[in-house]
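Dear colleague,

I am passing on the structure below, together with notes on what came out of going through it. Please read the notes with the structure open beside you.

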Amino acid sequence: MNNPNSQTQSWSVVTLTKMALIMALYVIVTIFLAPFSFGAIQLRFSEMFNYLPLFNKRYIVAVTLGVAISNFASPLGLVDVIIGSVSTCLILLFSYYVTKRLKNQIKKMVLTAILCSFSMFTVAGQLTYFYHLPFFYTWLTVALGELLSMTIGGILIYWINEKIDLTK
């Protein structure tokens, strides 16, 4: 006899597996490209995963945990773990809700890239406080790196979504 909860349980395992996979991919890409992932001038290509919550909100948690784990490798250590993961969670939640009613996927992705780039003031603030770097110049360089990473990653994520339904 079939257990009525077996379908629910298997879906939760599938969901957790997908989340763990995204979290692990974020960490792997960030650590593999560590020389480019931290600092005042950075191209954190793993930021392309910031688009995934547009397809399914479960990825907010996955990407946030990926950021938290990756930031243990940051020169700022625990400070970057806390500030980076909290700011990531907040901007992903904000982006998810702001773009929720938009129908056009490209518009959703462009708005998300802009929001994530703007949110780099948190990284600039940390670098200004700990390394005495000029805030606005640092914000500009980190935001431009974020925008470049998100643009390249956005093209890739858009293409992947054409082949694989990322909403499932």
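At which residues does UniProt place the feature "transmembrane region"? The unreviewed entry gives residues 20-43, 79-98, 110-131 and 137-160; UniProt positions follow the numbering used here, feature names are shortened, and annotations may be inferred rather than shown by experiment.

Before going further, please note that this is a predicted model, in which local features need pLDDT of at least 70 and side-chain atom pairs count only at pLDDT 80 or more, while totals for chains, interfaces and linings use all residues. Residues are numbered from 1 along each chain as its sequence is written, and side-chain values use heavy atoms, with hydrogens and water left out.

On confidence, the protein chain averages a pLDDT (the predictor's confidence in each residue, from 0 to 100) of 93, and 93% of the residues score at least 70. Over residues 4-8, however, the pLDDT is below 50, and this stretch has 0 contacts (heavy atoms within 4.5 Å) in the model beyond near neighbours in sequence.

Two of the annotated spans can be set beside the model. Residues 137-160 are 100% helix and 0% strand, with end C-alpha atoms 34 Å apart, whereas residues 20-43 are 71% helix and 0% strand, with end C-alpha atoms 23 Å apart. Helices (H or I, at least four residues) and strands (E, at least two) are DSSP runs, numbered from the N terminus. Pro35 is found in helix H2, residues 34-37, and counts as exposed at 65% relative accessibility; here buried means under 20% relative accessible area, exposed over 50%, and partly exposed in between, with a 1.4 Å probe and protein chains only. The C-alpha atom of Pro35 is separated by 27 Å from that of Pro53, 18 residues apart along the chain.

Leaving aside neighbours within four places in sequence, Phe55 is in contact with Gln105, Ile157, Asn161, Leu166 and Thr167.

H3 is mostly covered, with 9 of its 12 residues buried, among them Tyr59, Val63 and Ser70. In H4 the buried residues include Asp80, Ile91, Tyr96 and Thr99, and H3, H5 and helix H6 (121-131) are among the elements that cover the buried residues of H4. The 22 residues of H4 should span 32 Å at 1.5 Å a residue, and its end C-alpha atoms are 31 Å apart, which agrees; the expected span is 1.5 Å times one less than the number of residues.

Finally, a search of the whole structure finds 0 disulfides (pairs of cysteine sulfur atoms within 2.5 Å). The sulfur of Cys89 is 12 Å from the closest cysteine sulfur, in Cys116, and is therefore too far for a bond. Cys89 counts as partly exposed at 25% relative accessibility, while Cys116, at 1%, counts as buried.

With best wishes
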